[in-house]
Amino acid sequence: MNFPFFISALLLLLHATSAAATTVGVTYDTMTPDVPPPEHVVPALQSLKISAVRLLNPSPSAVRSFAYTNISLLLSVPNHLIPSFAANRSAADLWLYSHVIPYYPRTRISLISVGSDAITDAAATYSTMDPSSILLSAMQNLHLSLRDLGVHTIPVSTAFSFVEIMTTSFPPSAAEFQEPISSLLLRPLLQFLEETNSSLLINLYPYNIYRINSEIPIGFALFQENPFNFRDDVVTGVRYRNLFDMMVDAVIAAMAVAWQENIPVIVTETGWPSEAEARAAGNYAEMYLKGLVKHLRSGLGTPLRKEGVTQAYIYELFDQIDSKNNGSSANGTYDYASMRGGAGQHWGIMHPNLTMKFKVDFSASTWILGNEKILVKVVVRLCASLLSVFLLL
């Protein structure tokens, strides 16, 4: 018996399981008022073992603050720059020269999103902007600018709101992208993502689906383990144990209808507001975040995609204090908090004094959960048994 080889195979199995875990990060709007500057926020993120940050309204100084930190950044270009990016590549060049080129690769930049919820934002604020006609052009121009500047490892994408592009969340087997946005924008955009090895970005909030559907149990939305917390897709026979997986698989099923089911998916926003009603019934925000991180760290993926989403970003780091105005602010930055299905609510996970509102463990070492914990116990016992046999031979 080749005992060393067998042990090596078991260790490789454990490594493969852990590698499947989703990277969990946070969304950080650098324009949030009355919070510490980035140079103070970064050490706090490092102490929490947060390895990925999505920067909204990024400033050059904020990008510089993450240099040599080993924290990867997903930069989000403000929506109001989309028309200029689409019209002229020099606008994309200028943005890259101020936000990327001086700092990369000392600052790790994993992806650049050209806008976020541009469809929603155009309808609410930019009445003259038709995202279906300019969004893909803006992405293509930024992609070409990166290549011309010698940057070949930063992909380009854009973030969509789940409720704005999906026909349904259940059953996932019946999900499709809404028309006419599917034909006008999503299908050619997915082709671009495939050709450039990029990912589909989706802002996905189980809170919003739960809020409008009284038939969904709160435990199903909060990752609570309960014998009755499940929904079956009668077409595929798949059983869903949480609303998050169900929504992710709806996106994957819609991508399959569009013949692009293999494109990686990144959840650029997800979270749960800590409004007064939720606190009165129990801290739903904390329950959701703990359940989300535990589930994503387990590496179990979703029923339709075993590797699950590659990254997920919790919305958001700090509460948006002034979130009552819908759309863009006077300085041209986008008021992201107003588009979460509850303007004025508190989505932040950290206080301005840099202490956490909730006890959430972001450490990558927490991947050994659920099935992985069972797997580790089985492997340890098996190794112990085989070692005893080996010593007796």
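Modeller: One definition before we start: a residue is called buried when its relative accessible area is under 20%. Keep in mind that this is a predicted model.

Biologist: Fine. Which residues of H5 are buried, then?
Modeller: Ala-92, Trp-95, Leu-96 and His-99 are the buried ones in H5. They cover an arc of only 100° around the axis, so they sit on the same side of H5.

Biologist: And what covers the buried residues of H5?
Modeller: The cover includes H3, strand E3 (72-77), helix H4 (82-87), strand E4 (109-116) and H7.

Biologist: Stay with H7. At what angle do the axes of H5 and H7 cross?
Modeller: Roughly 60°, and the axes of H5 (residues 89-99) and H7 (residues 131-148) come within 9 Å. H5 and H7 are therefore oblique to each other.

Biologist: Is that crossing of H5 and H7 left-handed or right-handed?
Modeller: The crossing of H5 and H7 is right-handed.

Biologist: Which residues meet there, H5 against H7?
Modeller: On the H5 side they are Arg-89, Ala-92, Asp-93 and Leu-96. On the H7 side they are Asn-141, Leu-142, Leu-144, Ser-145, Leu-146 and Asp-148. By class, the contact of H5 with H7 has 5 nonpolar, 2 polar and 3 charged residues.

Biologist: Let me zoom out. How many helices and strands are in the protein chain?
Modeller: The protein chain has 15 helices and 12 strands. It has 393 residues, of which 54% count as buried. Among contacts with a separation of 6 or more, 74% are between residues 24 or more positions apart.

Biologist: Back to helices. Which residues of H2 are buried?
Modeller: In H2 (residues 38-47), the buried residues are Pro-38, Val-41, Val-42, Ala-44 and Leu-45. Their arc around the axis is only 165°, which puts them on the same side of H2.

Biologist: What do the buried residues of H2 pack against?
Modeller: Strand E1 (23-29), strand E2 (52-56) and helix H3 (60-65).

Biologist: And what comes after H2?
Modeller: H2 is followed by Lys-49, which has a positive phi, near 65°. Leu-48 is in the loop between H2 and E2.

Biologist: Is Leu-48 buried or partly exposed?
Modeller: Leu-48 counts as partly exposed because its relative accessibility is 22%.

Biologist: What is Leu-48 in contact with, apart from its sequence neighbours?
Modeller: Leaving aside residues within four places in sequence, Leu-48 is in contact with Met-350, Met-356, Phe-362 and Ser-363. The C-alpha atoms of Leu-48 and Val-360 are separated by 9.1 Å, and those two residues are 312 apart along the chain.

Biologist: Which other residues have a positive phi without being glycine?
Modeller: Asp-117 is one of them, with phi about 50°. Asp-117 lies in the loop between E4 and H6, and at 4% relative accessibility it counts as buried. Leu-354 has a phi near 70°. That residue, Leu-354, is in the loop between strand E12 (334-335) and helix H15 (371-392), and its 25% relative accessibility makes it partly exposed.

Biologist: What about Ser-182, buried or exposed?
Modeller: Ser-182 is buried, with a relative accessible area of 3%, and it lies in helix H9 (residues 181-195). Beyond residues up to four places away in sequence, Ser-182 touches Phe-177, Arg-187 and Pro-188.

Biologist: Last topic, cis peptides. Where is Pro-171, and what joins it to Phe-170?
Modeller: Pro-171 is in the loop between helix H8 (162-165) and H9. A cis peptide bond joins Phe-170 and Pro-171, with omega about -5°.

Biologist: And which bond is cis around Glu-316?
Modeller: The peptide bond from Tyr-315 to Glu-316 is cis, with omega near 5°. Glu-316 is found in the loop between strand E10 (311-314) and strand E11 (327-328).

Key
Residues numbered from 1 in each chain as written. Predicted model: local features only at pLDDT ≥ 70, side-chain atom pairs only at ≥ 80, totals over all residues. Heavy atoms only, no water. Buried < 20%, exposed > 50% of the residue type's maximum accessible area, 1.4 Å probe, protein only. Helix = DSSP H or I, 4+ residues; strand = E, 2+ residues; numbered from the N terminus. Arc of directions from axis to C-beta. Contact = heavy atoms within 4.5 Å. Axes fitted to C-alpha atoms, helices over the stretch in contact; angles between N-to-C directions. Parallel < 35°, antiparallel > 145°, perpendicular 65-115°, else oblique. Left-handed = near helix turned anticlockwise from the far one by under 90°. Nonpolar A, V, L, I, M, F, W, Y, C, P; charged D, E, K, R; others polar.
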